[in-house]
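Let's take a walk through this fold, one contact at a time. Keep the picture in view as you read.

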Amino acid sequence: MITEIVIIQVKDGHGDAFAAGYRQARELLITTPGCLSAKMLWGVESPSRFIGVNEWESKEAHLENFRGDTERYAKYRGLLMEHVSESEPLVVEHYVDVMDG
């Protein structure tokens, strides 16, 4: 299993709209083959920051089944990216549990 962490900075005042978009977009993510779980955390002290935490069967499941599915990925991005800050790029990284190694 691999955990994908996504750090997202949204435009000022777009937090509610981004959260609403994610509520729709999550279905595209969670129904992707190999996706085990997906959630989005909203910053309390930093309300323009969101953290996506997605668990995948493997890194390949994320990259090939979700990112590689251009139609699914395009729909997902279409619901969210208009709210994302252009001045701070997304950070997307994959992690493994230290207890598994």
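## Where H2 meets H3

The axes of helices H2 and H3 come within 7 Å and cross at roughly 85°. (Axes are lines fitted to C-alpha atoms, for helices over the stretch in contact, and angles run from 0 to 180 degrees between N-to-C directions.) H2 and H3 are therefore roughly perpendicular to each other, a label for angles of 65 to 115 degrees. On the H2 side, the contact (heavy atoms within 4.5 Å) is made by Asn 65, Phe 66 and Arg 67, and on the H3 side by Thr 70, Arg 72, Tyr 73 and Tyr 76.

A quick word on the model: it is predicted, so local features need pLDDT of at least 70 and side-chain atom pairs count only at pLDDT 80 or more, while totals for chains, interfaces and linings use all residues. Residues are numbered from 1 along each chain as its sequence is written, and side-chain values use heavy atoms, leaving out hydrogens and water.

## Where H1 meets H3

H1 brings Phe 18, Gly 21, Tyr 22, Gln 24, Ala 25, Leu 28 and Leu 29 to the contact, and H3 brings Arg 72, Lys 75, Tyr 76, Leu 79 and Leu 80.

## Rings that pair up

You'll find five aromatic pairs here; rings of Phe, Tyr and Trp (its six-membered ring) pair if their centres lie within 6.5 Å. One of them joins Phe 18 and Phe 50, at 4.6 Å centre to centre with 50° between the planes, so it counts as tilted, meaning neither stacked (under 30 degrees) nor edge-to-face (over 60). Phe 18 sits in helix H1 and Phe 50 in strand S3, 32 residues apart, and the pair links these distant parts of the chain. Helices (H or I, at least four residues) and strands (E, at least two) are DSSP runs, numbered from the N terminus.

Key:
Parallel < 35°, antiparallel > 145°, perpendicular 65-115°, else oblique.
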